[in-house]
Amino acid sequence: MRKLLIVAASVASLMSQAHAQSAVVLDNARVRVVRPTSASIPEMDHRPGVVICLDTGEANWANDVASSAESLAQQAQSSSPSDPPRYVSRGVVIVEPKSAAAAAPPPSATEPGGAQFTGMSFKPMFENDNVRVIRARMEVDAREGFHTHASDTLVVHLSGGEIEDTADGKTTVNRWKPGDVEFEARGSSHSARNVGKAIDVVLVALK
């Protein structure tokens with residue numbers, strides 16, 4: 001693999017433009033989610049997190065997400081120097097957990113995959129002291145029975161699709177695109193049904 005050669009004079013400019021060229025999808029007391037949107041290194045703290053590749057569904061833990069993003073940016077490209085770095089061309093979502101303490105969930109709450117689901121599959125990917133990461137699939141007409149979330153959970157959409165969601169007596173149809181991210185808060189309750197094509201997601205449950 002060849003590495004992109006960046007002259008020293010352009011590094012400061014690259015970093016100053018990084019924040020504007022990287023989309024902060026979510027930022028709250030529990031987590032920050034970044035999706036790089038251009039050929040620059042995203043502005044991130046040097047802290048651990050989950051790096052998810054949208055085209056393959058791979059999810060890996062990085063002890064330093066800023067360095068991980070930089071490494072992705074420097075990986076080999078096609079013969080055209082104008083092509084974007086791998087983390088843009090493949091699509092990457094970076095989940096950075098924060099240290100804020102989570103409130104205790106209601107006694108009836110369930111972890112991802114623990115509620116009464118029909119037409120869904122869950123495949124554990126990895127778990128550590130910070131997160132539990134699961135690959136999930138909703139087949140056509142799959143249904144999630146009414147349930148309460150036991151953990152703050154990020155839903156990172158790989159395929160996109162249409163999900164009918166019912167919460168607080170209201171039903172809406174959400175249309176998701178690859179790279180979209182949902183935040184399902186600990187203690188929140190809802191039911192859901194897939195009203196379109198099969199849907200693939202990565203779930204990141206925060207501890």
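Ala, Val, Leu, Ile, Met, Phe, Trp, Tyr, Cys and Pro count here as nonpolar, Asp, Glu, Lys and Arg as charged, and the others, Gly among them, as polar.

The model is predicted: local features need pLDDT of at least 70, side-chain atom pairs count only at pLDDT 80 or more, and totals for chains, interfaces and linings use all residues. Residues are numbered from 1 along each chain as its sequence is written, and side-chain values use heavy atoms, without hydrogens and water.

Start with the fold. The protein has three helices and 13 strands. These are DSSP runs, numbered from the N terminus: helices are H or I with at least four residues, strands are E with at least two. Of the 207 residues, 43% count as buried, meaning under 20% relative accessible area with a 1.4 Å probe, protein chains only. Contacts are heavy atoms within 4.5 Å. Among those with a separation of 6 or more, 70% join residues 24 or more positions apart.

Now look inside. The structure holds one cavity of 30 Å³ or more. A cavity is a set of points on a 1 Å grid over the protein atoms alone where a 1.4 Å probe fits but cannot get out; lining residues have an atom within 4 Å of a point. The largest cavity has about 280 Å³ of space, a volume filled by probe spheres set on points joined across faces, edges and corners.

Its lining has 27 residues; Met 120, Glu 144, Val 155, Glu 184 and Leu 203 lie nearest the centre. Strand E7 gives the largest share, four residues. By class, 14 lining residues are nonpolar, eight polar and five charged.

Note on methods
On a 1 Å grid over the protein atoms alone, a cavity is a set of points where a 1.4 Å probe fits but cannot get out, and a pocket is an open set with protein on both sides within 12 Å along at least five of seven lines; lining residues have an atom within 4 Å of a point. Buried means under 20% relative accessible area, exposed over 50%, partly exposed in between (1.4 Å probe, protein chains only).
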